[in-house]
Amino acid sequence: MIAAVYGPKAGTRKNENPEKACIEVIWKPKTGQSGKSEREYEMTLQSICLLNVHPNTTTSIVIQVVNDDGALLPCAINAACAALVDAGTPLKHLAVAICCCMAENGQILLDPSKIEEQKVKAFVYLVFLNSIVSILPEGGKSMEHGILTSVTHGVMAVDDYFSCLKLGRPAASELSDFIRNCFKSKAGNDPSKAA
Amino acid sequence: METKPSSTFPSTFVDQLVVPGDVILDLSSMANQTLKLGGGLRQDGDSISVMKSGTLRFTKPNKYWVESSHKRYVPSVGDNVLGVVVDTKPDNFLVDIKGPALAFLPVLAFEGGTRRNIPKFEVGTLLYVRVVNANTGMNPELSCMDANGKAGEYGVLKEGYMFESSTGLSRTLLSSPPYPTLEALGKKLSFEIAVGINGRFWVNASQSSTVILVGNAILKSESLSVVQQKIYLEKLLKSIQ
């Protein structure tokens, strides 16, 4: 999955609100064309970006699918988030996305591959806010429990959904630790730090 | 994730990596203090949270900002930038400075500029200018004069070649003590360089091979540490002799 962020560029598209910045997501699948699924990605990414820092501009995010091994949406969200941070777009938080699926025997699998995804009867994509390092003693908790997006495919019981959520949260916090370490190692190449 | 209880001043995250969403200061427990927030931070009710990922910096008495390096530039007042003329209007030149919007350079913003001697810039002219106004939502305004109204170093950059880099590299090129690559190159070769904080720099020398050498050396040195830079430069300068 390759994600690229272009912008902010001058002008909004299609006369949208000029008081805010506009986020445009272009989804390039491996084969063929895509339709309305890109709207979901757009809304998720729009909710984490700060929209009033650069009014009347458009930021374009292009996502190119190189290899599809299951869990396409979470992969795309994680890649797009990393690209936004690298580009310096003002963000409210980072979004961390995971995928859970329900196998036939009632077990819950995290991060399925393509074959597993096709075999199970239901799976759910969840996007959480990342866990933040905060000065506030209590304030951090309410933020960590926020869900940005949840997309389900197939049929699953309500209890199963909640247990997926419970399993998903620690997975998401581990992912956000990983992402934080990645940024640290990238920032470590800064020449001012080496001196 | 560790949470540090009870806010301390200065913040405990100074000189550490921060990521969007991190809360670095709690204002409710600090009364009657004025803080100056630089780029990358915003006030969210009672807390200061991070907008861009980078290293949190602090200088006494009360300035906080996030240091990060990107390919796009966010215009701010007082910066010296390299701009390329894109269009000419009766009142302004439209100049591209790698920011979200095109910047305006008033036709009279030159030393001794009057309606009779308006400079004629073609599309594609490279200029070294200063940012005078940079409000959000409006196009930034530039000037070819310094604060006293003198021309100083501002104006057209003739000949030479312009390279694009990241804003972080531009800042380190302008820092003091001088950047090791620049020092080493300056001892052996003679060239002229102008650095814009918007991620562009311009090099001019009597021979074009020198220009290419200097430009590529600077671009390559961004990813090397100080020791690696010295080794790379020694090899490079030996190979041209």
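Q: Is A:Tyr161 buried, exposed or partly exposed, and at what relative accessibility?
A: This is a predicted model, and in it A:Tyr161 is at 21% relative accessibility, so it counts as partly exposed. Buried would need under 20%.

Q: And what about A:Phe162?
A: A:Phe162 counts as partly exposed too, at 46% relative accessibility.

Q: How many aromatic pairs are there over all chains?
A: Seven aromatic pairs, taking all chains together. The rings of A:Tyr161 and A:Phe162 sit with their centres 6.1 Å apart.

Q: Why is that pair tilted?
A: The planes of A:Tyr161 and A:Phe162 are at 55°, so the pair is tilted. Stacked needs planes under 30 degrees apart, and edge-to-face needs over 60.

Q: OK, which kind of pair do B:Phe163 and B:Phe201 form?
A: A stacked one, with 25° between the planes and 5.4 Å centre to centre.

Q: Where in chain B do those two sit?
A: B:Phe163 is in strand β14 (residues 161-164) and B:Phe201 is in strand β16 (residues 200-204). They're 38 residues apart, and the pair links distant parts of the chain.

Q: Are B:Phe163 and B:Phe201 buried or exposed?
A: Both B:Phe163 and B:Phe201 are buried.

Q: Which residues form an aromatic cluster in chain B?
A: B:Phe93, B:Phe110 and B:Phe121 form one.

Q: Switching topic: where does B:Ser166 lie?
A: B:Ser166 is in the loop of chain B between β14 and α1 (167-174). With a relative accessible area of 10%, B:Ser166 is buried.

Q: What does the side chain of B:Ser166 make polar contacts with?
A: One polar contact goes to the side chain of B:Ser69, at 3.1 Å. Another goes to the side chain of B:Glu222, at 2.6 Å.

Q: Leaving aside neighbours within four places in sequence, which residues is B:Ser166 in contact with?
A: With those neighbours left out, B:Ser166 is in contact with B:Ser69, B:His70, B:Gly199 and B:Glu222.

Q: Zooming out, how many helices and strands does chain B have?
A: Chain B has four helices and 16 strands. Its C-alpha trace spans about 60 × 55 × 25 Å along the principal axes.

Q: What share of chain B's residues is buried?
A: 45% of the 241 residues.

Q: And what share of the accessible surface of chain B belongs to carbon and sulfur atoms?
A: 51%, out of about 12,500 Å².

Q: Last one: how many positive and negative charges does chain B have?
A: Chain B has 25 positive and 22 negative charges, and their mean positions are 4 Å apart.

Notes. Residues are numbered from 1 along each chain as its sequence is written. Chains are lettered from A and ligands numbered from 1 in the order in which they are written. This is a predicted model: local features need pLDDT of at least 70, side-chain atom pairs count only at pLDDT 80 or more; totals for chains, interfaces and linings use all residues. Side-chain values use heavy atoms; hydrogens and water are left out. Rings of Phe, Tyr and Trp (its six-membered ring) pair if their centres lie within 6.5 Å; planes under 30 degrees apart count as stacked, over 60 as edge-to-face and the rest as tilted. Buried means under 20% relative accessible area, exposed over 50%, partly exposed in between (1.4 Å probe, protein chains only). A polar contact is a pair of N or O atoms within 3.5 Å; within protein, one must be able to donate a hydrogen and the other to accept it, and residues adjacent in sequence count only if both atoms are side-chain atoms. Contact means heavy atoms within 4.5 Å. Accessible areas come from the Shrake-Rupley method with a 1.4 Å probe; for residues, only the protein chains shown count as cover. Lys and Arg count as positive and Asp and Glu as negative; His and the chain ends are not counted. The place of a charge is taken as NZ of Lys, CZ of Arg, CG of Asp or CD of Glu.
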